[in-house]
Amino acid sequence: MFQQRLVSPPALTAPSVSCQPNRVTPPREVIEVLPSLREAVSQLDSDLTKVSVQSELKALLFGNKNWADWIATLPSPVSLKPIVLESGIGFERDDEFARTLLVGLALSLQPENFVPPYSVGNLAVTEVIAKGTATEYSHSENDLPAPPHCAGFFEPVPPQVCFFTCIRPHPGGGAETTVVNLERILEFAPQALIEEWENREYQLRTSRRLGEQVLPFRLLQNVNGLPFLRYRKEYTVDFEQTRALCLLEELITHPANHFIVPLKAGDTLIHWNGSPHSRMAQSGSTPVEIEARRKLIRCRSVPQTGWAENFHQ
Ligand SMILES: [Fe+2]
């Protein structure tokens with residue numbers, strides 16, 4: 001590590017932009033139409049990975065005036081400020097409606113996007129819950145703090161926006177999800193360091209499941225008018241030997257540079273995937289009963305056109 005810290009603590013305690021997410025409360029008009037939406041959604045094919053089903057779902061939701069009017073009022077997820085949609089629209093329990101509506105919410109907020117399946121399980125919506133067999137790298141299956149990382153870091157094309165719905169928080173507290181405040185980091189970092197993040201060729205190594213392939217990637221670039229930081233320390237080659245990466249790590253792991261987002265049951269966090277997310281330490285032990293453990297459900301969204309090209313080398 002470095003004798004001389006580039007990042008001085010006093011500067012980090014003086015935020016220049018707010019570290020609070022945009023909070024949205026579902027209005028009564030939307031809560032009132034949930035029973036009819038539940039009924040309509042239940043008629044759809046349950047395979048949410050099909051593009052045709054996603055189109056039907058989007059049409060069905062936009063066909064409901066209360067839903068469409070509300071969606072028009074929501075902030076865009078293509079922003080460095082995360083959004084928290086507070087509980088009330090049916091995400092308080094994990095059932096088929098909640099999973100379908102999560103996809104529907106993603107498609108409603110960005111009608112030009114689709115929700116791709118996860119490679120493991122081939123599902124549009126998957127869950128985050130501690131399992132006894134997980135490794136320290138499986139953030140979605142362990143109960144450890146998760147360092148900042150992008151979703152789909154070593155996939156050929158990472159997703160654009162992440163959606164996490166809290167079904168149950170950890171009963172002992174803690175385990176908050178955080179999103180890196182990239183605007184703050186880029187305001188604070190020296191220009192020469194930013195240029196190194198943008199211009200240097202970095203390499204990633206895919207997971208064992210994906211063959212541990214070594215591939216070049218761009219750490220920081222402008223995508224859709226926003227900075228996209230493709231970050232995951234444990235899969236980046238020679239991380240500890242690269243000064244620009246270690247300095248980035250200092251900034252990206254500092255709590256003052258995070259939106260800290262405690263999620264209660266039914267809350268949904270929506271954020272730009274170019275701002276990495278992480279999980280803080282939980283307080284106390286993981287419940288023995290799986291039904292009592294912290295649980296999130298999640299999906300990602302990707303523009304249907306023009307997105308993959310951003311990630312070609
Ligand atoms: Fe994650």
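This is a predicted model: local features need pLDDT of at least 70, side-chain atom pairs count only at pLDDT 80 or more; totals for chains, interfaces and linings use all residues.
Local features are given for pLDDT of at least 70, side-chain atom pairs count only at pLDDT 80 or more, and totals for chains, interfaces and linings use all residues. Residues are numbered from 1 along each chain as its sequence is written.

The helices are listed below; helices (H or I, at least four residues) and strands (E, at least two) are DSSP runs numbered from the N terminus.

| Helix | Residues |
|---|---|
| α2 | 28–41 |
| α3 | 51–62 |
| α5 | 96–109 |

Helix α2 has 14 residues and spans 20 Å from first to last C-alpha, close to the 20 Å expected (1.5 Å times one less than the number of residues). At L34, α2 bends by about 45°, and the proline P35 follows within four residues. The bend is the angle between axes fitted to the seven residues ending at a residue and the seven starting there.

Helices α3 and α5 pack at about 80° with axes 9 Å apart. Axes are lines fitted to C-alpha atoms, for helices over the stretch in contact, and angles run from 0 to 180 degrees between N-to-C directions. The two helices are therefore roughly perpendicular (65 to 115 degrees). On α3 the contact (C-beta atoms, placed from the backbone, within 7 Å) involves Q54, L57, K58, L61 and F62, and on α5 T100, V103, G104, L107 and S108.

V157 sits in the loop between β5 (146–149) and β6 (161–168). With 14 other C-beta atoms within 10 Å, V157 is partly exposed (buried is 20 or more, exposed 12 or fewer, and partly exposed in between, with C-beta atoms placed from the backbone). Apart from neighbours within four places in sequence, V157 contacts W307, A308 and F311. The C-alpha atoms of V157 and E309 are 8.7 Å apart, although 152 residues separate them along the chain.

Note on methods: Angles under 35 degrees count as roughly parallel, over 145 as roughly antiparallel, 65 to 115 as roughly perpendicular and the rest as oblique. Two residues are in contact if their C-beta atoms, placed from the backbone, lie within 7 Å.
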